[in-house]
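Let's take a walk through a protein together, looking at how its parts are held to one another. Here it is.

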Amino acid sequence: MTPTSFSANAFTFLLMLAPLAFTNAVSASEQQEHQQENEITQCSRISNYAIHLSGINVGSMNRTETWQGKTAVVTSTSEASILGIGTHYQQRAELSWSNARNEWLTDTFHQKVTGFRSRDMEVTFANHGLESRVDIDGDIDTYTSKQIPLRDVDTLAIQIREYLLQGRQQFALIRQASDAIEPYQFYVEDVQTAVIEPWGELTLIPVVQTGAEDVTYYFAPAMDYQLIKAKYHGIILQGLIELDSYSSSCEPSAVR
């Protein structure tokens with residue numbers, strides 16, 4: 001595989017990071033509980049990341065989580081230029097807490113990419129995330145999973161955080177990609193310390209992902225277990241996103 005091919009893989013990964021179907025399965029009491037939670041908890045988290053490829057700054061990404069009780073809308077936008085190839089990525093994902101599965105599940109997401117690998121992708125999920133309908137530029141495909149729900153990349157990150165809060169040391173998740181479903185295994189490693197400006201020295205929990213892409217995510221307990229950085233481990237080129245700024249109106253205990 002050529003260096004350009006490796007660059008394309010890292011490029012796609014970096015842009016992906018930038019980035020209610022189950023009403024019939026919820027009882028009336030659970031719906032009332034969600035409504036009460038929505039009335040109590042409304043807040044947002046805003047994260048801005050720098051995108052690097054093999055040590056070179058190639059772009060930026062913004063990620064905003066808008067929470068209302070046990071539901072959220074996550075919007076991600078990023079712009080990058082690598083080897084003269086420019087692209088713009090944007091995604092809006094809706095997710096909610098499933099009482100039946102005790103997990104965060106993607107309800108729907110809409111992704112638009114212009115430039116490199118351009119596409120307009122809309123995905124809806126059913127059967128507690130085990131089924132998906134993917135519409136890419138009018139071409140429709142369906143996917144199924146036997147046990148593990150399918151998720152978009154933003155809900156995937158939120159579910160990783162949830163497992164860290166639960167103390168899990170390893171787990172499996174599946175991402176709904178544009179033309180396939182990608183299963184990943186995750187392993188929590190020993191904590192590390194690193195100096196991350198402007199916050200100074202932070203304790204970080206590394207979570208290693210293996211599967212279609214090998215990635216290490218770093219979450220900071222002192223910052224409410226938010227994603228601080230993520231490394232894409234390519235054979236030739238290394239991708240990195242790192243937090244530049246972060247603001248939150250959410251209380252640490254208000255939103256899981």
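**Charged pairs and a covalent tie**

Start with arginine 45 and glutamate 65, whose side chains meet in a salt bridge at 3.4 Å, N to O (a side-chain nitrogen of Lys or Arg within 4 Å of a carboxyl oxygen of Asp or Glu). This is a predicted model, where local features need pLDDT of at least 70 and side-chain atom pairs count only at pLDDT 80 or more, while totals for chains, interfaces and linings use all residues. Residues are numbered from 1 along each chain as its sequence is written, and side-chain values use heavy atoms, leaving out hydrogens and water.

Arginine 45 sits in strand β1 and glutamate 65 in strand β2 (residues 56–68), 20 residues apart; strands are DSSP runs of E, at least two residues, and helices are runs of H or I, at least four, numbered from the N terminus. Arginine 45 counts as buried because its relative accessibility is 2% (buried means under 20% relative accessible area, exposed over 50%, partly exposed in between, with a 1.4 Å probe and protein chains only).

Next, arginine 63 forms a salt bridge with aspartate 154, with the closest N and O atoms 2.9 Å apart. Arginine 63 lies in strand β2 and aspartate 154 in helix α3 (residues 153–166), so this pair ties together parts 91 residues apart in sequence.

What do cysteine 43 and cysteine 250 form? They form a disulfide, with sulfur atoms 2.0 Å apart (the cut-off for the two cysteine sulfur atoms is within 2.5 Å). Cysteine 43 lies in strand β1 and cysteine 250 in the segment after β16 (238–248), so the pair ties together parts 207 residues apart in sequence.
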